[in-house]
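Trainee: Could we go through this protein together, one question at a time?

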Amino acid sequence: MAQNVAMNEHPELETYRAQFPLIQNKSYLNSCSLGALSTRSINAMNQFMDLWSEWGASAWYEIWMGEIAKLKASFAKLINAKPHEIAILPSVSAALSSVASAFDYKERNKVITTELDFPTVPYQWMVKKRLGVEVQFLSSPDQIQVPLEQYKKMIDSKTIMVATSRVFFTSGYIQDVKSITEMAHAKGAYMLVDDYQGTGQIPIDVKKMNVDFLVTGGLKWLLGGMGIVFLYVREDLIQKLEPTITGWFANEHQFDFNPKDFEYRRDASRFELGTPALAPVYAASGGLSIVNEIGSPKIRERTLFLTHDLITKAQEHGFKLRVAEREEERAAIVIIPMEKPQPIVKALSQRNFIIDYRPGALRLSPYFYNAPDENDAVLDEIKKIRAAL
């Protein structure tokens with residue numbers, strides 16, 4: 001399974017708290033939904049506005065295309081990829097749609113995913129029934145994880161793609177993606193990883209895992225907000241695949257502005273669509289600079305410490321939890337089953353505690369900028385609110 005991860009408090013990371021205005025007056029334990037906004041991202045977006053005001057459209061050629069390239073390089077460094085293996089899209093839905101459109105499904109028509117994956121993942125293939133695509137869902141015996149044996153049993157010569165998460169948003173469980181990838185490749189299938197809940201808080205090396213595709217974005221642990229999603233495409237696959245949804249940013253000669261000529265770009269940008277939103281590019285660069293500055297290994301140690309602390313204290317409060325048994329299989333997402341979670345989340349918000357809920361459960365997610373005393377405080381408030389309700 002996943003490698004053991006060192007647990008270290010890293011109290012020095014609390015100095016970063018000053019860079020996040022939100023957490024100056026609130027306990028924010030909801031990074032698995034939306035990362036807190038940093039002053040770096042605020043300043044970067046202000047810089048974009050200043051450039052727009054000063055340069056107008058000429059900023060595209062003089063500055064903005066370079067900023068897009070720098071963002072790709074920064075993200076590539078984080079996952080041990082090359083910049084030309086990275087495409088930028090506005091959402092995971094768009095990225096998955098582009099990838100899914102590059103296959104004809106004539107000889108292989110099965111796509112395997114799980115009931116614990118975010119709905120966006122299966123939706124891309126469920127709507128392709130008219131092409132003969134069959135989506136098969138692996139079940140979870142405990143609503144925490146999916147046994148590897150199920151993948152081994154289900155993947156066969158008709159499987160075109162295994163599409164699943166490294167971290168399940170419903171439980172915080174970290175899957176053994178490397179083993180699943182080996183199973184997929186052994187049967188001639190591709191491996192696509194939704195890493196929206198992993199990248200940033202947990203180290204990843206796409207080369208060691210040997211995955212074919214990876215999607216993730218700035219919204220959560222990369223602290224970049226909405227509008228920027230990264231698509232990694234393994235180098236040797238890029239020029240073999242031709243997406244059938246496209247845009248002018250996918251054209252090798254895009255600035256020729258020739259409507260009669262289209263040639264796929266020779267890098268992962270062939271999976272891109274239209275003009276990207278520039279404010280999110282700047283916001284994503286600001287957040288990613290913090291993650292790269294600290295480093296995912298240190299962030300992982302810090303969040304492992306905070307998650308262990310939160311779980312231990314929750315159990316001491318008498319809460320039942322839905323989390324992985326082994327710490328090395330836990331991301332920084334703690335699920336507390338609760339019959340009516342929504343009123344509790346609302347009441348907490350009124351008391352300056354920001355968490356999240358999913359059907360039948362509270363969801364708390366500490367990040368490196370949180371502190372152990374916030375765990376004590378939020379659990380005390382949950383207990384009080386629950387008793388009052």
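Mentor: Before we start, one term: two strands pair if DSSP finds at least two bridges between them. Keep in mind, too, that this is a predicted model.

Trainee: Thanks! Which residue in β8 is the bridge partner of F213?
Mentor: Begin with the strands themselves: β7 covers residues 213-217, and β8 covers residues 229-233. Five bridges join these two strands, which run antiparallel. In β8, the bridge partner of F213 is V233.

Trainee: And which residue stands opposite V215 in β7?
Mentor: For this one, turn to strand β6, residues 190-194. It pairs with β7 in the parallel sense, over three bridges. The residue opposite V215 is D194.

Trainee: How many of the five residues of β7 are buried?
Mentor: Look at both ways the residues point: F213, V215 and G217 go one way, while L214 and T216 go the other. Residues on both sides are buried, so β7 is largely enclosed by the rest of the structure. The count of buried residues in β7 is five of the five.

Trainee: Is D212 buried or exposed?
Mentor: D212 sits in the loop between α7 and β7. Buried means under 20% relative accessible area. Because D212 has 2% relative accessibility, it counts as buried.

Trainee: Which residue has its backbone nitrogen 2.6 Å from a polar atom of the D212 side chain?
Mentor: Start from what D212 touches, leaving out residues up to four places away in sequence: among them are H185, Y190, M191 and R234. One of these contacts involves a backbone nitrogen and the side chain of D212, at 2.6 Å. That backbone nitrogen belongs to M191.

Trainee: With which residue does the side chain of R234 make a polar contact?
Mentor: R234 is found in the loop between β8 and α8. Its relative accessible area is 16%, so R234 is buried. Beyond four places in sequence, R234 touches E85, H185, N210, V211 and D212. The side-chain polar contact, at 2.6 Å, is with D236.

Trainee: Last one! What is the accessible area of the nonpolar patch that Y61 forms with W248, F255 and F257?
Mentor: Y61 has its place in helix α2, residues 59-79. At 57% relative accessibility, Y61 counts as exposed. Together with W248, F255 and F257, Y61 forms a nonpolar patch on the surface, and their accessible area together is about 460 Å².

Conventions. Residues numbered from 1 in each chain as written. Predicted model: local features only at pLDDT ≥ 70, side-chain atom pairs only at ≥ 80, totals over all residues. Heavy atoms only, no water. Patch = residues over 30% accessible without salt bridge, like charges linked within 9 Å, V, L, I, M, F, W, Y side chains within 5 Å. Areas by Shrake-Rupley, 256 points an atom, 1.4 Å probe, with all protein chains shown as cover. Salt bridge = Lys/Arg side-chain N within 4 Å of Asp/Glu carboxyl O. Helix = DSSP H or I, 4+ residues; strand = E, 2+ residues; numbered from the N terminus. Buried < 20%, exposed > 50% of the residue type's maximum accessible area, 1.4 Å probe, protein only. Contact = heavy atoms within 4.5 Å. Polar contact = N/O pair within 3.5 Å; in protein donor to acceptor, adjacent residues only side chain to side chain.
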